[in-house]
Amino acid sequence: MNADHPPHAGSARSAAEDLLASAEWDLPPSRHLRHKEALMQQIDRDRTPSSHTSSPHAPSPRTFPAPLRRRLPRPALVLPAVSMALAGALFLTFSGGGHDSAPAAGAGTAPAEANSASVTLGRIAAAAMETDATPVKDGQFVYVERLTRGNTGSFDGPVRLGALHKQEVWTAQTPGLVTRTGWMRETGKDAVMPGQEVPIEFTEPVRAGIDHPTYAWLASLPTDPDALLELLYSRTRAEDGDSKHQAVFGRIGDLLSSTIMPPATASGLYKAVERIPGVTQIPDAVDAAGRHGIGITREDAESATRDVWIFDKHTFAHLGSRSYITRDEARGITTDTLYGIDAVMVRAVVDRHGEEPAGEEPARTES
């Protein structure tokens with residue numbers, strides 16, 4: 001979905017706002033990281049005295065366009081490896097084989113690698129089924145706090161990871177038609193619009209669904225992994241050079257990392273991932289908080305990217321993610337280059353956007 005950025009009465013529209021307005025927000029989180037590079041450069045240019053008509057200490061409010069990553073926290077020009085909001089599309093029926101159809105289990109993966117990932121995903125699915133997720137009520141918000149680092153280098157230059165900073169997302173649980181599906185706030189060095197609560201909006205109303213994944217909608221999904229995968233392949237668009245398989249892998253990652261998931265739905269999604277070609281396991285991966293875990297990864301030759309989901313080695317809880325560029329001739333990249341990393345620190349249910357859950361330790365950020 002292309003989302004138009006609505007102008008604000010009485011304020012000049014900056015070049016950064018124009019860039020936000022033209023952004024593709026229905027992207028998995030790994031795509032957001034690439035676009036963030038361009039946005040950060042444009043914001044820096046907008047902050048120079050010659051580009052402002054008002055005080056730089058009193059920026060005009062900006063509304064983020066409709067979402068996605070996720071992601072992910074799947075969360076456009078601004079969001080790191082987890083999408084701040086999930087957009088994109090998911091659904092149709094396929095009868096078998098082919099690039100755009102739901103694959104058979106393990107198709108296209110070396111047997112040993114597929115088996116290893118399959119065993120681990122089975123354990124993750126079993127652990128997810130045992131979690132005690134409290135249903136989220138209509139009118140409440142799912143709160144997700146993560147630590148994140150993204151590329152702040154030039155869009156066509158070398159990758160340079162920015163400072164670790166905090167991102168908070170409040171996803172509304174509104175069941176009816178809405179244009180505003182949540183709020184986002186980033187704080188710390190290299191944050192986008194630091195300290196501001198920014199609405200996540202669509203230009204056209206949306207219902208609870210893949211664009212607006214409420215707990216009730218997630219609970220309504222089929223839990224059979226084959227049915228889930230067919231649904232995902234039929235509704236997911238491949239963007240920015242991704243293969244269909246990578247787009248679905250990213251979409252599932254967005255859903256699993258950016259919401260509070262009904263246990264049966266989460267379990268079904270992890271089992272569905274087993275059936276995506278090219279999914280493998282790595283024995284050790286580190287999230288943005290420095291926590292070590294097991295990695296579930298997929299490399300995509302079409303987009304020359306590799307995404308890693310990281311899970312606790314004992315509890316199998318989702319910890320965070322890493323995103324790599326594997327090849328980019330323009331930048332001289334010939335091997336895996338990290339361009340985004342995050343760590344999910346808190347998931348909770350709150351009654352209002354802007355509210356932080358009580359009793360939670362604040363996430364660490366770099367100053």
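Mentor: Let's begin with a definition: axes are lines fitted to C-alpha atoms, for helices over the stretch in contact, and angles run from 0 to 180 degrees between N-to-C directions. Helices are DSSP runs (H or I, at least four residues; strands are E, at least two), numbered from the N terminus. The model is predicted, with local features needing pLDDT of at least 70 and side-chain atom pairs counting only at pLDDT 80 or more, while totals for chains, interfaces and linings use all residues. Residues are numbered from 1 along each chain as its sequence is written, and side-chain values use heavy atoms, leaving out hydrogens and water.

Now to α6 and α7: they pack at about 155°, their axes 11 Å apart. That angle makes α6 roughly antiparallel to α7 (over 145 degrees). On the α6 side, F249, I252 and L256 meet A266, L269, Y270 and V273 of α7 (contact means heavy atoms within 4.5 Å). By class, this contact has seven nonpolar residues, no polar and no charged (Ala, Val, Leu, Ile, Met, Phe, Trp, Tyr, Cys and Pro count as nonpolar, Asp, Glu, Lys and Arg as charged, the others, Gly among them, as polar).

α6 also packs against α5, at about 115° with axes 10 Å apart. That makes α5 roughly perpendicular to α6 (65 to 115 degrees). Here L229, L232 and Y233 of α5 touch K244, H245, V248, R251 and I252 of α6. These residues divide into five nonpolar, one polar and two charged.

Methods. Parallel < 35°, antiparallel > 145°, perpendicular 65-115°, else oblique.
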